[in-house]
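Dear colleague,

Please find below the structure I am handing over to you. My findings follow directly after it.

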Amino acid sequence: LASVVPQSRPAVRATTGGGRVAACRHFTLDVVDAPARLDPAGRTVQVVTAVGTTAELAGDGWSARLEALETIIVPASAGAWELRPGPGGRALVAALP
C-alpha cells in the first residue's frame, strides 16, 4: 500500500477472508466476503467497491446493485444497511476511523 504522505502509512495485514486489511488515523479498509449488516451510525461516510463479482446493498428505503469494480458512497445518515457480495466475490468498505 503506497502513501503520498510517508508518515501516515496505514497498518496493513494480509487476509484470505473478510476483515480489516488496513487502518490508520485517516481511514479504515475492510474486506467483506459474506453478507453483513453495516451501520455508520451517523459517524462516517462508507465507500463500497464490488470486487470480483456483483454486490447488493440495501437500507431503509434504498437499494443498489454494483457490478464488479463499481463503487458507491453510502452517506453517514443512511442508517443501518445490508451488504451482500455475489458468489465468490468481495466488497471493499472504506470509512473514517
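How many residues in the lining of the largest pocket are nonpolar, polar and charged by class? The lining has six nonpolar, three polar and three charged residues; Ala, Val, Leu, Ile, Met, Phe, Trp, Tyr, Cys and Pro count as nonpolar, Asp, Glu, Lys and Arg as charged, and the others, Gly among them, as polar.

Two notes on the source come before the details. This is a predicted model, in which local features need pLDDT of at least 70 and side-chain atom pairs count only at pLDDT 80 or more, while totals for chains, interfaces and linings use all residues. Residues are numbered from 1 along each chain as its sequence is written, and side-chain values use heavy atoms, with hydrogens and water left out.

The largest pocket holds about 160 Å³ of space. A pocket here is an open set of points on a 1 Å grid over the protein atoms alone where a 1.4 Å probe fits, with protein on both sides within 12 Å along at least five of seven lines; lining residues have an atom within 4 Å of a point. Grid points are joined across faces, edges and corners, and the volume is the space filled by probe spheres set on the points. Among the lining residues are Arg20, Asp30, Arg43, Gln46 and Val93. Strand 3 (28-32) and strand 10 (90-95) each supply at least two residues of this lining, and strand 3 gives the most, with three. Strands are DSSP runs (E, at least two residues), numbered from the N terminus.

Val93 also belongs to the largest nonpolar core, which has 14 residues. Such a core is a set of buried Ala, Val, Leu, Ile, Met, Phe, Trp, Tyr and Cys residues joined through side-chain atoms within 4.5 Å. Val48, Leu57, Val74, Trp81, Leu83 and Val93 have the most contacts inside it. Leaving aside neighbours within four places in sequence, Val93 is in contact (heavy atoms within 4.5 Å) with residues including Thr28, Leu38, Val48 and Leu83.

There is one aromatic pair, meaning rings of Phe, Tyr and Trp (its six-membered ring) with centres within 6.5 Å; planes under 30 degrees apart count as stacked, over 60 as edge-to-face and the rest as tilted. Trp62 and Trp81 form this tilted pair, at 6.1 Å centre to centre and 50 degrees between the planes. Trp81 is buried, with a relative accessible area of 0%, whereas Trp62 is partly exposed at 24%; buried means under 20%, exposed over 50% and partly exposed in between (1.4 Å probe, protein chains only).

With kind regards

Definitions and conventions: Helices (H or I, at least four residues) and strands (E, at least two) are DSSP runs, numbered from the N terminus.
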